[in-house]
Amino acid sequence: GDASNRYTYVDIDPHIRFVAERQFIRGPINGRFVAEDARRFVATTRERFDAVVVDVYTSSNAVPGHLLTAEFWRATRRVLSGDGVVLANLVLDPALRSAFARNVLATIEQELGRCAVEVLQRQWAASNVVVACMPAASELPRASPYSDEWSSADLDRAVGPR
C-alpha cells in the first residue's frame with residue numbers, strides 16, 4: 001500500500017514476482033522486478049538506493065552462502081546512497097552463540113560498521129534476526145569509552161549530529 005516509494009525487487013527466480021504479488025504484496029509491485037542473482041546485481045548496478053533489504057533463502061532457514069560473504073556486503077554498501085540503510089532478515093540461533101551466527105554478524109559488521117541486531121523469536125531453535133546497518137555512521141570519529149578515571153558521559157549528547 002506504499003505509493004510514495006518505488007521499489008526494485010531482485011530475485012534469481014523470475015517466477016518469484018508472481019508469488020510475491022499474489023501472496024505478499026497482494027497486488028502489482030510498485031517499481032520493477034529484476035530477475036538476477038542478488039550478488040551479481042549489487043556488483044554490477046550503477047544505481048544507488050536509500051535502502052537495501054536482504055531477505056533471501058534457499059530453504060526455510062538458509063541464506064545462500066555467496067550472499068553471506070564480505071564481498072557481497074561490500075558491494076551492498078557500494079549501492080547505498082549517502083545515508084542509506086541495509087536491513088537483513090537472517091535465520092540464526094536466538095542466543096547468537098553458534099559459530100554461524102557469530103561469523104555472519106562479524107562479516108556484516110566488518111563491511112557495514114556497527115549494526116543493530118533484533119532477535120524476533122527467542123523461544124525458537126532458529127529465529128528470524130533483523131540486522132539494521134547505517135554504514136555512513138561507521139565513518140564517524142572513533143568512540144571514546146567511558147571509565148572511572150575520565151568520563152564525559154554527563155556532557156556528551158545522547159542524540160548525535162544530523
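Predicted model: local features only at pLDDT ≥ 70, side-chain atom pairs only at ≥ 80, totals over all residues.
Let me start with valine 54, whose bridge partner in strand 4 is alanine 88. That pair belongs to the contact between strand 3, residues 49–54, and strand 4, residues 80–92, which run parallel and are joined by five bridges; two strands are said to pair if DSSP finds at least two bridges between them. Helices (H or I, at least four residues) and strands (E, at least two) are DSSP runs, numbered from the N terminus.

Residues are numbered from 1 along each chain as its sequence is written, and side-chain values use heavy atoms, with hydrogens and water left out.

Strand 4 also pairs with strand 6, residues 127–133, this time in the antiparallel sense and over seven bridges, and there asparagine 89 stands opposite valine 130 of strand 6. What order do the strands of the open sheet follow? Four strands form it in the order 3-4-6-5, and the pairing is mixed. Strand 3 and strand 5, residues 115–119, stand at the edges with a single partner strand each, so one side of each is left without a neighbour in the sheet. On average, neighbouring strands of this sheet are turned by 15 degrees against each other, direction ignored.

Contact here means heavy atoms within 4.5 Å, while axes are lines fitted to C-alpha atoms, for helices over the stretch in contact, and angles run from 0 to 180 degrees between N-to-C directions.

Stepping back, the protein has four helices and six strands, and along the sequence they follow the pattern β-α-β-α-β-α-β-α-β-β.

Now to the charged pairs. Side chains of opposite charge can pair when their charged atoms come close. How many salt bridges are there? The count comes to four, where a salt bridge is a side-chain nitrogen of Lys or Arg within 4 Å of a carboxyl oxygen of Asp or Glu. One of them joins arginine 32 to glutamate 47, with the closest N and O atoms 2.1 Å apart. Arginine 32 lies in strand 2, residues 31–35, and glutamate 47 in the loop between helix 2 and strand 3, so this pair ties together parts that are 15 residues apart in sequence.

Finally, the overall extent: the C-alpha trace spans about 60 × 35 × 30 Å along its principal axes.
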